[in-house]
Every structure is written in structure tokens, then in C-alpha cells.
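Subject: A structure for you to look at

Hi,

Here is the structure I promised to pass on. Have it open next to this email while you read, and click along as we go.

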Amino acid sequence: MIGDLAREQAAELLAWYAEMGVDIALNDEPQDRFAESATVEVAARQVSGAPDTAPPLAASPSPRGERALPGIHEPAPSVVIPATVTRSQDEALTDARALARTAKSLEDLRALLESYDGVALRKTATRLVFADGNPQAKLMFVGEAPGRDEDREGVPFVGRAGQLLDRMLAAIGLDRTGAYIANVVPWRPPGNRTPTPPEVALCLPFIQRQIELVDPDVIVLLGGSAASALTGAKDGILRLRGRWLDYDTGTRTIKALATLHPAYLLRTPSQKKLAWRDFRALKAELSKH
Ligand code: URA
């Protein structure tokens, strides 16, 4: 017996947790993070005088063991700092922006992220997942955040979704030597949950600097989360996909194509035809550069 559970029941329970994406234990004792963040929000509202209707900051675990992709069934998360942001988060954002600007090269940026502890995700992730592919490429892909396989290997898009991305690249005559690949959030959220808006907001200055340093001619935004974080677009991905958006680095505007995330395509193969349309448009655009 394990506690009150027979061995088989305990094994079933563990299998169910794994299925639900709960695959790491952080503490011996459970901690109610939802209650904690509710307390922080109430305190912040009292300071700011904001109404009690502000959106929750906590994200829920994905029921599929892969990160749920916002913007498909739900509105994409806004990276506008919520009214409930605490002063320390505000300061953390200012610090993150200042820090990201100090990186003069991709190596600098990676080193700086390796030691940056402003985002709590870094403590629960196994390692930083910085980038893969060719930093000289004119094409850059940006996803949402690493999953379990990426967290293990330290390389973006190496799991099933990544393998599909490789096949999609091959279909237009490319491989990872012709593209640079990164994520908005470079650490795996525990249990593959969706990164929260404050986590995305804190990581944003770093991916923005990464894009500036790579300086691609074309960006592909994989999924609604990356598209809304980097362009501020409010529509869900099914409306956004196939559209060429402007990504403004501050010194240059880069053409950015929003498309369906490969993890979504794995779950909804009937939508692959839409992604194929987007990749054909991508190929046509690349031929101009
Ligand atoms: N999904 C992402 O958004 N990024 C990865 O690196 C892997 C899966």
C-alpha cells in the first residue's frame, strides 16, 4: 500500500497525472498558487484602485499534455501589462528591457538569459531553450514556449510538433540550415501549461532583441500566442493565419506571417491544408529576398 492507495491504483493515478501534463513535482507539500496569485491581485487592485473585474493571471494546465494553444478556441492572451501588475513586476519589466538592450550579439543574449532570474519559469525548467538553426538565415520561426522534449534537449521544436515543422519545411525545400528557430518564452512552463501574460511580458524584450540581432527578412509566427505577443494582434489564430503582419523592430519593419502551430495541426490534421497554403505563400515571399 502507498498511503491509502493500492500499488495499481497509485500507478493509475500517476499515469493519469502524466496524461494531464502533470509530470514534475516541485515541492513535497502542495502549494495553492491560484490562492497566492489571487491575494497578490487583490492587493494590487487596492493599491491601483482598479475594479474587481481584472482578468486572472494564472494559466491552467493543458488537458492534453501538450501546451494548449490560445487564440484557437479562446482569445489570445494580451501582453499588455494587466492593471493588476504589481510594482515589482513593473520594475522587473523595466529591468528586463534594459538588460536585453545590453546584448550586442546572440552569444551575449544567450549568456545573459542563462543567468537571468527575473522569470520564475527558469527555476522549474531543466534548462534554457535558446534557439536552433542558422542565425544567418533570412527566415525566422518563433513559437510559444518549449515543451518537455525541448526542455530535455535544450533545443526548440524537437518533439512531435518540431518533427512536423521539419516536414513542413522540407515541403518547401528547406531545412534547419535555412531557418532560425526560437520561442517567445525560452523556458518550459511546468506541465506544459500556457505561459501567463506576465511571463510572456517579461520574456518579450529578449525575443525582440533576438529578432533584432538575427535581423531576418521574413518571420513566421507559429500560433496565436506568438502572433499576439509580437505584433499585438488581437484576433485568434484562425482569423490571423495566412495574413502578413508587420513586425516593427524600431529601426525596420519585417514581414511576419502568422500560421497554425504544428502542435495544433497534430491535434487537428484537417487544418493542415491551411498551413500548406501559408507555407506556399511563405515560399513565394522568400523567393523575393
Ligand atoms: N512548441 C513551441 O511553441 N515551441 C517549442 O519549442 C516546442 C513546442
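This is a predicted model: local features need pLDDT of at least 70, side-chain atom pairs count only at pLDDT 80 or more; totals for chains, interfaces and linings use all residues.

Start with β5 and strand β6 (residues 253-259): the two run antiparallel and are joined by 5 bridges.

What is the order of its strands? It goes β1-β3-β2-β4-β6-β5, in an open sheet of 6 strands with mixed pairing. The edges are β1 (132-133) and β5 (244-248), and each of these pairs on one side only. As a bit of background, strands of a sheet pair through backbone hydrogen bonds, and they can do so parallel or antiparallel.

Next, follow β6 over to β4. These two pair in the parallel sense, over 5 bridges. As for β6 itself, 5 of its 7 residues are buried, so the strand is largely enclosed by the rest of the structure.

How many of the residues of β4 are buried? The count is 5 of the 5, so β4 is largely enclosed by the rest of the structure. You can see this on both of its faces: Val218, Val220 and Leu222 are buried on one side, and Ile219 and Leu221 are buried on the other.

Then there is a helix to look at. α12 lies across β2 (139-143), β4 (218-222), β5 and β6, and it runs at about 160° to β6.

α12 also meets another helix. The axes of α7 (residues 160-171) and α12 (residues 272-286) come within 10 Å and cross at roughly 50°, so the two helices are oblique to each other. The crossing is right-handed. Which residues make the contact? On the α7 side they are Leu164, Leu165, Met168, Leu169 and Ala171, and on the α12 side Lys272, Ala275, Trp276 and Phe279. Sorted by type, the residues of this contact come out as 8 nonpolar, no polar and 1 charged.

While you are in α7, have a look at Gly162, which lies in that helix. Is Gly162 buried or exposed? It counts as buried, because its relative accessibility is 0%. Leaving aside residues up to four places away in sequence, Gly162 touches Phe157 and Arg176. Also try picking the C-alpha atoms of Gly162 and His261: the two residues are 99 residues apart along the chain, yet these atoms are separated by 9.9 Å.

Two loop residues are worth a click as well:

- Asn192 sits in the loop between β3 (180-183) and α8 (197-214). Its phi is near 65°, a positive value in a residue other than glycine. With a relative accessibility of 6%, Asn192 counts as buried.
- Asp215 is in the loop between α8 and β4. Its phi is positive too, at about 50°, although Asp215 is not a glycine. Asp215 has a relative accessible area of 40%, so it is partly exposed.

Last, some totals for the whole chain. There are 12 helices and 6 strands in it. Of its 289 residues, 46% count as buried. And if you take the contacts with a separation of 6 or more, 74% of them are between residues 24 or more positions apart.

Cheers

Note on methods
Residues are numbered from 1 along each chain as its sequence is written. Side-chain values use heavy atoms; hydrogens and water are left out. Axes are lines fitted to C-alpha atoms, for helices over the stretch in contact, and angles run from 0 to 180 degrees between N-to-C directions. Helices (H or I, at least four residues) and strands (E, at least two) are DSSP runs, numbered from the N terminus. Angles under 35 degrees count as roughly parallel, over 145 as roughly antiparallel, 65 to 115 as roughly perpendicular and the rest as oblique. A crossing is left-handed if the near helix is turned anticlockwise from the far one by less than a right angle, and right-handed if clockwise. Contact means heavy atoms within 4.5 Å. Ala, Val, Leu, Ile, Met, Phe, Trp, Tyr, Cys and Pro count as nonpolar, Asp, Glu, Lys and Arg as charged, and the others, Gly among them, as polar. Two strands pair if DSSP finds at least two bridges between them. Buried means under 20% relative accessible area, exposed over 50%, partly exposed in between (1.4 Å probe, protein chains only).
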